[in-house]
Amino acid sequence: MTMVPSLTPVPQPPTPRLAVVCDLAEENWPSMDLVADTLVGGLKTNGLGLQVSRIRPTFRPRVKRIPGGGRLAFNADRLIHRMRDYPRYLRGRAQEFDLFHIADHSYAHLVHELPAVRAGVFCHDLDTFRCLLDPVADPRPFWFRRMTRRILTGMQKAAVVFYTTNTIRAQIENYGLIDSARLVQAPYGVAHEFTPDESEAPALPAAIAEGPFLLHVGSCIPRKRVDVLLEVMTQLRGEFPELRFFQVGGEFSESQLAQITQYSLNDVVIQLPRQDHQTIAALYRRAALVVMPSEAEGFGIPVIEGLACGAVVVASDIPVFREVGGDSLVYCPVGEVDAWSAGIREQLHQPETSPSLGSRLARAAEFTWANHARIIAAEYEKIL
């Protein structure tokens, strides 16, 4: 008698549920929002075997509601939400997910609320931990160091810690922060809007007119060394009277505003608020030079975004930029205003000395968000 094989379908295991734990929206940290949002999009659209959810609690001001609280009150609210409300929120939702990805290492204290063996953290740089790693250079009160220690120990508990560049990996290993076996490199990528194609360029902000300009994209925190660019503009404005400097997405500090006033740069230094990708791409394409004078970075997304748009990028000669940009960048010594002025002057007078357009585009093409998402998805599959 011939046996007929059973046609009963084999039950398939449920799709693993990954929570991408994001910064509070009110933090308004564009780079951290970018990496979280792009990861969620990449995991959802590329069929990488994970059911992905972006999660963050609602920000409910408490201290800020007090009249006259100002920035200090907002920062107090941030602290309350980060260290008390967010942990409570995550504890309440932990059973909904199989895996957890902390998109920003400065939120790594949240690992303490999760099954650490199923949690990962993306470590973008070590700035958050400077008060512990170099307390002389970054002195902080006891309560701040204790809070930072909790963030660090949370990251140290995670099953996997992602990083962008070998420069960051070397720093993590040199300080003995994380076992090397748990470190996984996942470089950033370039969004599809960043191309040299101007066929669909949007209307630029009204402040943009004809004439050459230097472009800096990102924040104005001290390590970005925006002060160097203001000094450079002071030195070059006589030689290049039409040259302007556009800073996009940051907020000038009091000392930077004082520089602008002191050197009478108000008419040539213009700060634009955060822009969408299409507008930033158009700015990269229009800029005479994209400038990145940072003294420290974890990666430097504007470097590859600028290259992808065909821009000439002048950057500080630091290891991370050498690693990311290779021979496609123009380098200047960190913080040396005269050298930066000379380097920018040469590029403006002799653009033929710049790295070739082909090399700039080829370098940027090495970095994709699709590869970034694949690496992260593969590591969470290993965890399961």
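Is Asn28 buried, partly exposed or exposed? Asn28 is partly exposed, because its relative accessible area is 47% and that falls between buried (under 20%) and exposed (over 50%), judged with a 1.4 Å probe and protein chains only.

Before going on, a word on what you're looking at. This is a predicted model, where local features need pLDDT of at least 70 and side-chain atom pairs count only at pLDDT 80 or more, while totals for chains, interfaces and linings use all residues. Residues are numbered from 1 along each chain as its sequence is written, and side-chain values use heavy atoms, with hydrogens and water left out.

Back to Asn28, which sits in the loop between strand 1 (17–21) and helix 1. Helices (H or I, at least four residues) and strands (E, at least two) are DSSP runs, numbered from the N terminus. Asn28 has a positive phi of about 55° even though it is not a glycine. Most residues other than glycine have a negative phi. Ser264 also has a positive phi, near 55°, and is not a glycine either. You'll find Ser264 in the loop between helix 7 and strand 9 (269–272), and it is partly exposed at 46% relative accessibility.

Now for how helices pack. Helix 1 (residues 30–45) meets helix 13 (residues 369–383) at an angle of about 75°, with the axes 9 Å apart; here axes are lines fitted to C-alpha atoms over the stretch in contact, and angles run from 0 to 180 degrees between N-to-C directions. That makes helix 1 and helix 13 roughly perpendicular, the word for angles of 65 to 115 degrees, while under 35 is roughly parallel, over 145 roughly antiparallel and the rest oblique. On the helix 1 side, the contact (heavy atoms within 4.5 Å) includes Leu34, Val35 and Thr38, and on the helix 13 side it includes Trp369, His372 and Ala373.

Helix 6 (residues 226–236) and helix 7 (residues 254–262) pack at about 0°, axes 10 Å apart, so they are roughly parallel to each other. Val226, Asp227, Leu230 and Glu231 of helix 6 meet Gln256, Gln259 and Ile260 of helix 7.

Val190 is buried at 16% relative accessible area. Not counting residues up to four places away in sequence, Val190 touches Ile304, Ala308, Ala364, Phe367, Thr368 and Trp369. Val190 and Glu305 are 115 residues apart in sequence but 6.0 Å apart in space, C-alpha to C-alpha.

What about charges? The whole structure has 23 salt bridges, each being a side-chain nitrogen of Lys or Arg within 4 Å of a carboxyl oxygen of Asp or Glu. One of them joins Asp127 to Arg223, with the closest N and O atoms 2.4 Å apart. This pair links distant parts of the chain: Asp127 is in the loop between strand 4 (119–122) and helix 3 (130–133), Arg223 is in the loop between strand 7 and helix 6, and 96 residues separate them. Asp127 is partly exposed at 31%, whereas Arg223 is buried at 14%.

Asp138 and Arg140 make another salt bridge, at 3.2 Å, N to O. Here Asp138 is buried, with 13% relative accessible area, and Arg140 is partly exposed, with 37%.
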